[in-house]
Amino acid sequence: MVSTRFIRGIIMPNFEPEHNAPRLREYLGGVIFKTKTLTMKREYWEPYVKQLIEQPDGVEIDISKTPLDNIQFSCDVIGCIATRSDPNIFKVKVYRIDPNDDPMFNVDTYVLYNDFEAFKNYSRIVKYSSTSTDVNMSRFHETTVMLFHKEPDCDHWLQYQKLPKVIQENYKSLIRSL
């Protein structure tokens, strides 16, 4: 496991929302995205939204206190970068080492919805998930952001030269520390 000193940024703690919209989360994870719905406290994500407006190329984040933290127990994480796809959708890319792969640098991509109520077909999704846009749902969206893992794409395996510069630096630091 890589020490968190190689991953700089704001810490975002794991979060089980008080208003958790379980039917919506289950429907999104099981039917729409076909992956577990991860949730994070909105107040920990908001500073990144502001940074990403100023730094459109991405912001490095610390995954050690996020729902993505478990990745670090099964592999060596060398960094994580968030980018903005559109005003309400962000990509969170986790860069890790897998010595069994060639090339050994893997990228796991998660899509984060900052304002899911603005999501296309939101009212239909709520209806199909057998829930409603009640006070609980509103509080859920006010306090929570959701992340979904994307299936690996052509950029899942990267050569060192294709890694973002900050991730290359993290890797060099890791190697020097061994």
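**Strand pairing and overall composition**

In strand S4, Val 94 is the bridge partner of Cys 80. The model is a predicted one, in which local features require pLDDT of at least 70 and side-chain atom pairs count only at pLDDT 80 or more, whereas totals for chains, interfaces and linings use all residues. Residues are numbered from 1 along each chain as its sequence is written, and side-chain values use heavy atoms, with hydrogens and water left out.

Strand S3 (residues 76-86) and strand S4 (residues 89-97) pair in the antiparallel sense over nine bridges; two strands are taken to pair if DSSP finds at least two bridges between them. With two residues between them, S3 and S4 form a hairpin. S3 also pairs with strand S2 (residues 59-60), in the antiparallel sense and over two bridges. Within this pairing, Ile 81 of S3 stands opposite Glu 60. In a regular strand, side chains alternate between the two faces of the sheet.

The protein chain contains six helices and seven strands, defined as DSSP runs numbered from the N terminus (helices: H or I, at least four residues; strands: E, at least two). The order of elements from the N terminus is α-β-α-β-α-β-β-β-α-α-β-β-α.

Of the 178 residues of the protein chain, 46% are buried (under 20% relative accessible area, 1.4 Å probe, protein chains only). Among contacts (heavy atoms within 4.5 Å) with a separation of 6 or more, 68% are made by residues 24 or more positions apart. The accessible surface of the protein chain is about 9600 Å², and carbon and sulfur atoms contribute 50% of this area, as computed by the Shrake-Rupley method with a 1.4 Å probe.

Key
Buried < 20%, exposed > 50% of the residue type's maximum accessible area, 1.4 Å probe, protein only.
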